[in-house]
Amino acid sequence: LSTNAEIIAQEALYTSGLYPKRPLAIVRGEGARLYDADGRVYIDCVGGQGAANLGHCHPAIVAAIREQAERLISCPEIFPNDVRAAYLAELAAVVPFPSRIFLCNSGAEAVEAALKFARLLTGRPGVVATMRGFHGRTMGALSATWESKYREPFLPLVPEFSHVPYGNVEALRAAIGPQTAAVLIEPVQGEGGVRPAPPGYLAEVATICAANGTLLLVDEVQTGFGRTGKLFAIEHSGVTPDMLILAKSIAAGVPMGAVVIHERHGALPPGTHGSTFGGNPLACAAARAALHVYQSERIPEQAAAKGAWLLQTLRDLRLPSVREVRGLGLLVGLELKSRSQPAIAALIDHGVLALPAGPNVLRLLPPLVIEQADLERVVTAIEAVLSTEER
Ligand code: PMP
């Protein structure tokens, strides 16, 4: 299997079929660059769908994984473990509220756990989520996800979930009742079209939750770990959630998720939830190294500066096929006047890999370590692809 064509053909034979595949096979990565099997290089604005904030194969992450792999890979949470103990304390130290932490393996798993914890802690069933919100594909997470094409084949979903318009405080107030366990919300809606929370909105959401005994669960699976210009996006609003939901870039691409629970809720009842792989030493070692790099390389500050430049530069282009350029930090979306898929396909020919966020938003999630010269190449490619009205 040494060419794009061979790899693509073999995957097509055996893979589940769930993913519409891009016409290239990735075999290597370095920083913000990906290489296909035919030796072509791409600037990666998919960024592992948010899991590659530190770029590909960052030397500190590679070294930490290699070192831990030689010592211990598997260790379930029934045994205390040195790397896990160290990581828990280090993560707790950077979260802006005192906390206890549940470790798992993905975003959906972390959302799923947070929903269960909310029911456990409140004794209430209800969950209010937002229109255009995305929280994952497992049954609980899917019940909170809004997009009907993801939900409809799997109805009925978990009962007692409702959705309110994102940004509308009065709708949220009206939706919360004495049986509402939790509000689940993204600080910037990612999959739903790159929509930052309006100013003051999250603080009002927190106030309404507190007044009703409803827990505030903030889903930072996509916004966490520097993406929006702060280590966590809640730092922009100063809101203190009851739970912070993390995954994607938490361990620099090694599968990991986490629910960071406010200390005021105390320890959870033993045996009420769990995961075989959760808190495994390999993921914890990668996450420790990642956290160190986020701080030592000032990754959130880099994202803030590069994101501000990219947003302004894209807006200044005044491209005729672009309705709006939105974003926060290096989470950037271009709302097009037509569908985003043709533009994403055309960008591949210009050596840029990008993502959709809904039908007509082109989303850029580059590694936060991307170099300015590559960011400029991305802008040039976008300009070439989007400067025609027909697109
Ligand atoms: N929440 C948010 C905000 C996400 O963006 C995603 C993934 N795009 C998820 C949850 C689900 O994460 P995973 O794919 O790891 O299950």
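Modeller: What follows starts with the basis of the model, then takes the sheet, and ends with the helix pair. This is a predicted model, in which local features need pLDDT of at least 70 and side-chain atom pairs count only at pLDDT 80 or more, while totals for chains, interfaces and linings use all residues. Residue numbers run from 1 along each chain as its sequence is written.

The sheet is open and is built from four strands in the order S13-S14-S17-S16, with antiparallel pairing; helices (H or I, at least four residues) and strands (E, at least two) are DSSP runs numbered from the N terminus, and two strands pair if DSSP finds at least two bridges between them. In general, strands of a sheet pair through backbone hydrogen bonds, either parallel or antiparallel. Strand S13 (322–328) and strand S16 (355–356) each have a single partner strand and stand at the edges, so one side of each is left without a neighbour in the sheet. Contact here requires C-beta atoms, placed from the backbone, within 7 Å, and axes are lines fitted to C-alpha atoms, for helices over the stretch in contact, with angles from 0 to 180 degrees between N-to-C directions.

Turning to the helix pair, the axes of helix H12 (residues 341–349) and helix H13 (residues 372–386) come within 10 Å and cross at roughly 125 degrees. That angle makes H12 oblique to H13, given that angles under 35 degrees count as roughly parallel, over 145 as roughly antiparallel, 65 to 115 as roughly perpendicular and the rest as oblique. The crossing of H12 past H13 is right-handed, a term used if the near helix is turned clockwise from the far one by less than a right angle, with anticlockwise giving left-handed. On the H12 side Ala343, Ala346 and Leu347 take part, and they meet Ala381, Val385 and Leu386 in H13. By class, this contact has six nonpolar, no polar and no charged residues, where Ala, Val, Leu, Ile, Met, Phe, Trp, Tyr, Cys and Pro count as nonpolar, Asp, Glu, Lys and Arg as charged, and the others, Gly among them, as polar.

How values were computed
Two residues are in contact if their C-beta atoms, placed from the backbone, lie within 7 Å.
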